[in-house]
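This report describes one protein chain for a reader who has not seen it before. Please look over the sequence and the structure first.

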Amino acid sequence: MSRAKNDKVVCVTGGSGYIASYLIKLLLQRGYTVKTSVRNINDSKKTQHLLLLDGAKERLHLFEADLLKEGSFDSVVDGCECVFHTASPAIITTTNPQVELIDPAVKGTLNVLRSCVKVPSLKRVVFTSSMSAVSFNGRPLTPDVMIDETWFSDPILCEKLKIWYMLSKTLAEEAAWKFAEENGIDLVSINPGFAIGPMLPPTLNVTMEFVRNIINAQTFPNAVHRFVHIRDVALAHIRAFEVANANGRYCVVGHVVHVSEVLNILHRLYPTLTIPDKCEDDKPFPPLYQISKEKARNLGIEFTSLEVILRDTIESLKDKGFLNI
């Protein structure tokens with residue numbers, strides 16, 4: 001059974017982010033009133049694209065909040081039935097992982113949840129995690145392996161490998177589950193793969209930059225990635241609130257493919273596009289593996305085809321001036 005949608009007040013933390021922006025767009029389309037936080041309310045690069053969304057004038061309210069400041073989210077979450085906590089740094093290279101990634105991810109999550117505890121109207125918190133918090137546990141990935149929601153990344157392994165973003169998402173999700181259990185919060189976690197597609201913010205995020213970079217490179221990386229349309233990710237968040245019996249974690253990945261397959265599809269879709277045809281090394285391609293879609297489909301998510309995902313991505317990069325073709 002789904003909850004009614006109109007006249008609902010919800011919160012999205014980190015509203016200027018790639019996933020958050022699309023989530024706000026869909027929430028407004030569905031008639032929700034949305035309260036959202038940004039670090040600097042006067043930074044038009046962070047807010048203008050949100051204020052231009054259909055329904056924003058009537059039902060979008062911006063607040064300033066700082067992930068590392070306790071109590072900062074009290075006014076943002078006040079009066080909300082659901083809090084979508086998406087705010088977390090998404091950077092891959094860092095000179096100070098503790099300060100730049102881990103503290104904002106973990107302490108920020110706990111600060112938001114502490115604010116949530118004070119809200120009598122709150123029914124559920126939907127937490128934006130990542131497949132980064134699922135699959136990095138040292139288990140070999142082969143075609144017969146099926147990753148599902150019971151997998152958890154190993155923080156010790158992440159630290160050893162110095163994969164700091166993966167560590168930050170793993171520690172943040174661990175902290176969220178522990179706090180939710182201790183404080184009686186109804187928490188649902190969305191664990192998306194590599195989200196790409198239409199881009200609302202004016203600046204490049206990590207995943208969209210990755211696609212642009214592989215097109216412009218001389219060689220392509222010898223790597224397998226987990227792709228999903230940004231719309232599917234945003235919709236999974238909303239359904240995780242609307243579906244009353246939604247629970248636990250949800251892996252949200254449409255396609256597990258090698259980068260070479262992505263480039264093959266792009267070459268087919270855009271024959272004039274100059275793309276690399278040589279791999280960065282001579283090693284065998286890593287094997288593909290599977291990610292369970294069963295729980296995500298229980299939310300009513302039908303995953304977008306890889307061709308549509310890639311077409312939407314390229315068209316958006318073109319429209320925003322990040323790709324000349």
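## A helix enclosed by the structure

Of the 13 residues in H9, 11 are buried, so this helix is largely enclosed by the rest of the structure. The model is a predicted one. Helix H9 covers residues 230–242. From its first C-alpha to its last, H9 reaches 19 Å, close to the 18 Å expected at 1.5 Å a residue.

The buried residues of H9 are Ile230, Asp232, Val233, Ala234, Ala236, His237, Ile238, Arg239, Ala240, Phe241 and Glu242. Charged side chains are among them, including Asp232, Arg239 and Glu242.

## Val126 in strand E5

Val126 belongs to strand E5, which runs over residues 124–128. With a relative accessibility of 0%, Val126 counts as buried, since the cut-off for buried is under 20%.

Leu187 is 61 residues away from Val126 along the chain, yet the C-alpha atoms of the two are separated by 5.9 Å.

## Thr36 in strand E2

Strand E2 spans residues 33–38 and holds Thr36. Thr36 is buried or exposed? Its relative accessibility is 0%, so Thr36 counts as buried.

When residues up to four places away in sequence are not counted, Thr36 touches Val12, Gly15, Ile24, Leu60, His61, Leu62, Phe63 and Val76.

## The chain as a whole

The secondary structure of the chain consists of 12 helices and 12 strands. Its radius of gyration is 19 Å, close to the 20 Å that the globule rule gives for 325 residues, so the chain is as compact as a globular protein of that length. Along the principal axes, the C-alpha atoms fill a box of roughly 60 × 45 × 40 Å.

Among the contacts with a separation of 6 or more, 79% are between residues 24 or more positions apart.

## Burial, surface and charge

Of the 325 residues, 55% count as buried. The accessible surface of the chain is about 14,700 Å², and carbon and sulfur atoms make up 51% of that area.

The chain carries 36 positive and 36 negative side chains. The centres of these two sets lie 3 Å apart.

Terms used
Residues numbered from 1 in each chain as written. Predicted model: local features only at pLDDT ≥ 70, side-chain atom pairs only at ≥ 80, totals over all residues. Heavy atoms only, no water. Helix = DSSP H or I, 4+ residues; strand = E, 2+ residues; numbered from the N terminus. Rg over C-alpha atoms; globule rule 2.2 N^0.38 Å. Buried < 20%, exposed > 50% of the residue type's maximum accessible area, 1.4 Å probe, protein only. Contact = heavy atoms within 4.5 Å. Areas by Shrake-Rupley, 256 points an atom, 1.4 Å probe, with all protein chains shown as cover. Charge placed at Lys NZ, Arg CZ, Asp CG, Glu CD. Expected span 1.5 Å × (residues − 1).
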